[in-house]
Amino acid sequence: MVHAARARAVAVAGVVGALYVVLSLAVAPIAFGPLQFRVGEALKPLVIKHPAVIPAFGVGTVIINLFSPFAGVLELAFMPAVDMVGGALCWFVARTVGGAFGSYLASFVYAVFTAAGVGVVLHVAAGLPYLPSFASVAVSEVILLLVGNAVLVRRV
């Protein structure tokens with residue numbers, strides 16, 4: 001039974017990671033830069049119920065960022081780490097606070113954490129000012145993760 005559960009968790013992580021890549025690359029022109037909207041981000045709240053997908057977002061981020069005009073160490077190492085730490089933080093906040101409020105708070109925290117990381121990349125790699133970059137990415141991240149939470153967390 002334990003092996004079947006692990007195999008299922010790995011399969012779910014693979015499917016979620018692949019969906020994250022496909023949904024994000026489908027909007028590639030607006031998936032990079034200070035005004036980005038990666039549809040795959042809406043899947044991130046799944047870490048609340050399925051923590052095994054946390055590494056899938058790290059791997060998915062590497063794959064997506066291979067297509068980024070800012071591809072480099074920050075995009076290919078720092079951002080996957082940000083996604084995985086953010087996923088673990090999201091899971092922890094949801095478990096600690098509990099209930100629907102905890103779930104939405106966790107998704108909000110994950111969105112802001114991700115936006116902070118992207119702000120660093122845009123500041124360092126593209127020379128853009130940090131706060132406006134962070135703020136513009138935070139808007140799309142918060143929208144996507146809260147919508148993803150509403151649509152997916154209770155259903156999946």
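Buried here means under 20% relative accessible area, exposed means over 50%, and partly exposed is what falls in between, with a 1.4 Å probe and protein chains only. By that rule Tyr20 is buried, at 0% relative accessibility.

Some ground rules before the tour. This is a predicted model, where local features need pLDDT of at least 70 and side-chain atom pairs count only at pLDDT 80 or more, while totals for chains, interfaces and linings use all residues. Residues are numbered from 1 along each chain as its sequence is written, and side-chain values use heavy atoms, with hydrogens and water left out.

**Aromatic pairs**

A pair of aromatic rings is described by the distance of the centres and the angle of the planes. Rings of Phe, Tyr and Trp (its six-membered ring) pair if their centres lie within 6.5 Å; planes under 30 degrees apart are stacked, over 60 edge-to-face, and the rest tilted. The count comes to two aromatic pairs.

| Pair | Centre to centre | Angle between planes | Type |
|---|---|---|---|
| Tyr20 and Phe57 | 5.2 Å | 85° | edge-to-face |
| Tyr130 and Phe134 | 6.0 Å | 10° | stacked |

Helices are DSSP runs (H or I, at least four residues), numbered from the N terminus. Phe57 is buried too, with a relative accessible area of 0%. Tyr130 and Phe134, on the other hand, both belong to helix α5 (residues 130-153), four residues apart, or about one turn of the helix. Tyr130 is partly exposed, at 29% relative accessibility.

**Asp83 and its surroundings**

What does Asp83 touch, leaving aside its neighbours within four places in sequence? With contact taken as heavy atoms within 4.5 Å, the list is Tyr20, Lys44, Phe57, Thr61, Tyr110 and Thr114. So both rings of the edge-to-face pair turn up among the contacts of Asp83, which is itself buried at 2% relative accessible area. Asp83 lies in helix α3 (residues 73-97). Its side chain also makes a polar contact of 2.3 Å with that of Thr61. A polar contact is a pair of N or O atoms within 3.5 Å; within protein, one must be able to donate a hydrogen and the other to accept it, and residues adjacent in sequence count only if both atoms are side-chain atoms.

**The cavity**

A search of the whole structure finds one cavity of 30 Å³ or more. On a 1 Å grid over the protein atoms alone, a cavity is a set of points where a 1.4 Å probe fits but cannot get out, and lining residues have an atom within 4 Å of a point. The largest cavity holds about 110 Å³ of space. Its lining has 19 residues, with Gln36, Arg38, Glu75, Met79 and Val118 nearest the centre. Helix α4 gives the largest share of that lining, four residues.

**Two more spots**

Ser133, in helix α5, is buried at 3% relative accessibility. Beyond four places in sequence, Ser133 is in contact with Pro34, Gly119, Leu122 and Leu128.

Ala52 is in the loop between α1 and α2 and is partly exposed at 37% relative accessibility. Not counting residues up to four places away in sequence, Ala52 touches Ala9 and Ala13.

Terms used
Helices (H or I, at least four residues) and strands (E, at least two) are DSSP runs, numbered from the N terminus. On a 1 Å grid over the protein atoms alone, a cavity is a set of points where a 1.4 Å probe fits but cannot get out, and a pocket is an open set with protein on both sides within 12 Å along at least five of seven lines; lining residues have an atom within 4 Å of a point. Grid points are joined across faces, edges and corners, and a volume is the space filled by probe spheres set on the points.
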